[in-house]
Amino acid sequence: MSGYHKTAGYLNMDVQLFRIDDRLIHGQVVLGWAKYLESRSIVLCDDAVADNEWERELYLSCVPADLETLILNIEQASEYLHNGIKYPDRTIVLVKSPGEVVLLAEMGFLPSKINVGGIHFAEDRKRYLSYLFMNDSEVAQLKALAEKGCRITCQDVPTGKKHTLEEILR
Amino acid sequence: MSDYCQTFIIAHSNLAKALLSSVEKILGKQEDTYIYSNEHDSMTVLAEKIETQIKNAKAGQIVCFTDLKGGSCWTLASMLKRKFRQMTVISGVNLPMLTTYFNNRHRMAFSELIDKTISDGCRGITKLQDI
């Protein structure tokens, strides 16, 4: 299947954009990236949102009709990604933190590339970029994913500067 | 006459600050008005700041203006409304809307105030006819 290949026991996936963004579906994603990339679909993978009908409706209410949107919990997401995502090269996959990617990896699924698009300030987090604040465990999770072979870059908006993970952790 | 009303503007970058300072240039200083940017803070941190402000307030109406419907500020306001049912969330904030709101918030009945705020916000958007 196009976009899928296996390395070191993982099913690797090349989606159009695999993004870590704690704001999930918001302006930068819908108006910024989806327009720029001409995406057809968004797959939001998050246990809390998937289990809350009100939040699901809230996020879905903001997506234009031409952007097919799925909201899945991590287990459903793993299944969906394994069984063949509908438009791999026209889909944005969204998770709110590195933890969700680690869970997907534990289920045998690893994105080839990760775009870190926004993790914002909280008390235990250190600042790396204007839109990127992480605590030690989030940094460790990203490092572990990089060691597994994920290419991780940080970029908030399509015209923004792309930083590699090594560069920002230096 | 409206009840006591606490006002929030939550927007991207420096927009909330710029909107309030523009309103104050036109109408003068406004009380019980709080501005927030979604820059830097996670939504959890921002929600806590706003909730603290709401809890400190006297009981009454809460009006929350946000810029983009579907943006993170609006999503946050929608989530706050789940906790604070008396909150009114208005998206698409602009200066015509705010001047109407601040000019009338102590003069009009609340529901009338909100209707006029939104309709004046829309009415402020025009295309100048060819001269």
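Predicted model: local features only at pLDDT ≥ 70, side-chain atom pairs only at ≥ 80, totals over all residues.
Local features need pLDDT of at least 70 and side-chain atom pairs count only at pLDDT 80 or more, while totals for chains, interfaces and linings use all residues. Residues are numbered from 1 along each chain as its sequence is written, chains are lettered from A and ligands numbered from 1 in the order in which they are written, and side-chain values use heavy atoms, with hydrogens and water left out.

**View 1. Chain A, with seven helices and 12 strands.** Helices (H or I, at least four residues) and strands (E, at least two) are DSSP runs, numbered from the N terminus. The radius of gyration is 15 Å, close to the 15 Å that the globule rule gives for 170 residues, so chain A is as compact as a globular protein of that length. That radius is taken over C-alpha atoms, and the rule is 2.2 Å times the number of residues to the power 0.38. Buried residues make up 55% of chain A; buried means under 20% relative accessible area, exposed over 50%, and partly exposed in between (1.4 Å probe, protein chains only).

**View 2. Chain B, with five helices and four strands.** Along the sequence, the pattern reads β-α-β-α-β-α-β-α-α. Of the 131 residues of chain B, 50% count as buried.

**View 3. A salt bridge between A:Arg19 and A:Asp21.** Here the closest N and O atoms are 3.0 Å apart; a salt bridge is a side-chain nitrogen of Lys or Arg within 4 Å of a carboxyl oxygen of Asp or Glu. A:Arg19 is buried at 0% relative accessibility, and A:Asp21 is buried at 0% too.

**View 4. A:Arg125 meets A:Glu138 in a salt bridge.** The N to O distance is 2.8 Å. This pair links distant parts of the chain, with A:Arg125 in the loop between strand 8 (113-118) and strand 9 (126-129) and A:Glu138 in helix 6 (residues 136-147). A:Glu138 counts as buried, at 8% relative accessibility.

**View 5. A network of A:Asp46, A:Lys96 and A:Glu100.** Salt bridges that share partners join these residues. For A:Glu100 and A:Lys96, the closest N and O atoms are 3.7 Å apart. A:Glu100 is buried at 10% relative accessibility, whereas A:Lys96 is partly exposed at 32%.

**View 6. A:Asp51 in a loop of chain A.** Look for this residue between helix 2 (47-50) and helix 3 (53-60). A:Asp51 is exposed, with a relative accessible area of 60%.
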